[in-house]
Amino acid sequence: MRIYFTRHGESHANVLHQISNRGLVHGLTQKGREQASALADRLRDCAITRIYTSPVLRAIETGIIVANRLGLEYEVAGGLREFDCGIAEGRADQEAWQLWQSAVDNWTAHQRWEWRIPGGESFCDIRDRFVPFVEGLVAQYRGSDAALLCVSHGGVLSMMLPLVLANVDNDMVVQRGLANTVLIVSEPGPDGLRCVEWDGVNV
């Protein structure tokens with residue numbers, strides 16, 4: 001089996017620099033739709049068997065475009081949702097982004113796993129939905145020829161990939177980046193899932 005992780009295409013929230021991690025608010029831009037179509041073309045020879053997508057609109061639209069071009073169904077999975085930013089949601093002001101940065105810093109630099117923006121999610125909250133989802137996929141499909149695509153978000157992937165990929169750490173995520181429609185390929189190894197390719201570069 002293989003699991004392909006990707007970030008959604010460019011969204012209106014990206015362009016507006018707005019925190020928008022809840023529901024069906026900001027969809028893809030024209031550029032984002034083109035990125036999703038190009039992603040589907042990249043995946044055409046990968047024999048994708050199933051597509052899972054975050055319930056946030058920009059990810060759903062990315063998943064739909066890929067699914068339609070590959071002739072597949074898609075399934076919405078809450079475990080792939082971007083992390084909730086509480087009182088910073090729906091905002092584009094400097095204070096909101098300072099709160100977002102505080103969350104990232106508290107989790108990555110200080111290991112304050114329970115810290116959260118008021119009304120938002122902690123690192124532990126994100127972990128407790130993302131990691132079991134991925135572990136469930138591995139348990140269900142290990143030993144098969146399944147090729148699974150998971151459409152998610154930059155924030156949650158940057159925090160969670162080091163927890164589910166044995167050979168990925170935070171420094172590697174920062175170095176290699178999580179641009180829109182980045183494609184990260186993983187497969188099971190003796191110590192768990194391992195990243196074998198990061199956006200076209202072997203690992």
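So, which residue stands opposite Leu-148 in β4? That would be Arg-50. Before I go on, the housekeeping: this is a predicted model, where local features need pLDDT of at least 70 and side-chain atom pairs count only at pLDDT 80 or more, while totals for chains, interfaces and linings use all residues. Residues are numbered from 1 along each chain as its sequence is written, and side-chain values use heavy atoms, with hydrogens and water left out.

My helix and strand names are DSSP runs numbered from the N terminus, helices being H or I with at least four residues and strands being E with at least two.

Let's start with the sheet.

Now zoom in on β4. It runs parallel to β1, with 6 bridges joining them, and Thr-6 stands opposite Val-151 of β4. β4 also runs parallel to β2, this time with 4 bridges, and there Tyr-52 stands opposite Cys-150. Is β4 buried or exposed? Mostly covered: 6 of its 6 residues are buried, where buried means under 20% relative accessible area, exposed means over 50%, and partly exposed is in between, using a 1.4 Å probe and protein chains only. Ala-147, Leu-149 and Val-151 point one way, Leu-148, Cys-150 and Ser-152 point the other way, and all of them are buried.

What lies on the sheet? Contact, by the way, means heavy atoms within 4.5 Å. And α6 (residues 154-164) is mostly covered, with 9 of its 11 residues buried; among them are Gly-154, Val-156, Met-159 and Val-164.

Next, α2, residues 30-43. How far apart are its end C-alpha atoms? They are 20 Å apart, which agrees with the 20 Å that 14 residues should span at 1.5 Å a residue; the expected span is 1.5 Å times one less than the number of residues. The buried residues of α2 are Gly-32, Gln-35, Ala-36, Leu-39, Ala-40 and Leu-43. Looking down the axis of α2, they fall within an arc of 145 degrees, so they line one face of the helix; the arc is that of the directions from the helix axis to the C-beta atoms. Those buried residues pack against β1 (2-7), α3 (57-70), β4 (147-152) and β5 (183-189).

On to the aromatics. There are 6 aromatic pairs in the structure. Rings of Phe, Tyr and Trp (its six-membered ring) pair if their centres lie within 6.5 Å, and planes under 30 degrees apart count as stacked, over 60 as edge-to-face and the rest as tilted. Tyr-52 and Phe-133 make an edge-to-face pair, 5.5 Å centre to centre with 75 degrees between the planes. Tyr-52 sits in β2 (residues 50-53) and Phe-133 in α5 (residues 123-141), so the pair ties together parts that are 81 residues apart in sequence. Both Tyr-52 and Phe-133 are buried. Elsewhere on the slide, Phe-83, Trp-107, Trp-113 and Phe-123 form one aromatic cluster.

Last stop, a couple of loop residues. Most residues other than glycine have a negative phi. His-17, though, has a positive phi of about 55 degrees; His-17 is in the loop between α1 (12-16) and α2, and is partly exposed at 47% relative accessible area. Gln-111 also has a positive phi, near 55 degrees, and lies in the loop between α4 and α5.

Methods: Two strands pair if DSSP finds at least two bridges between them.
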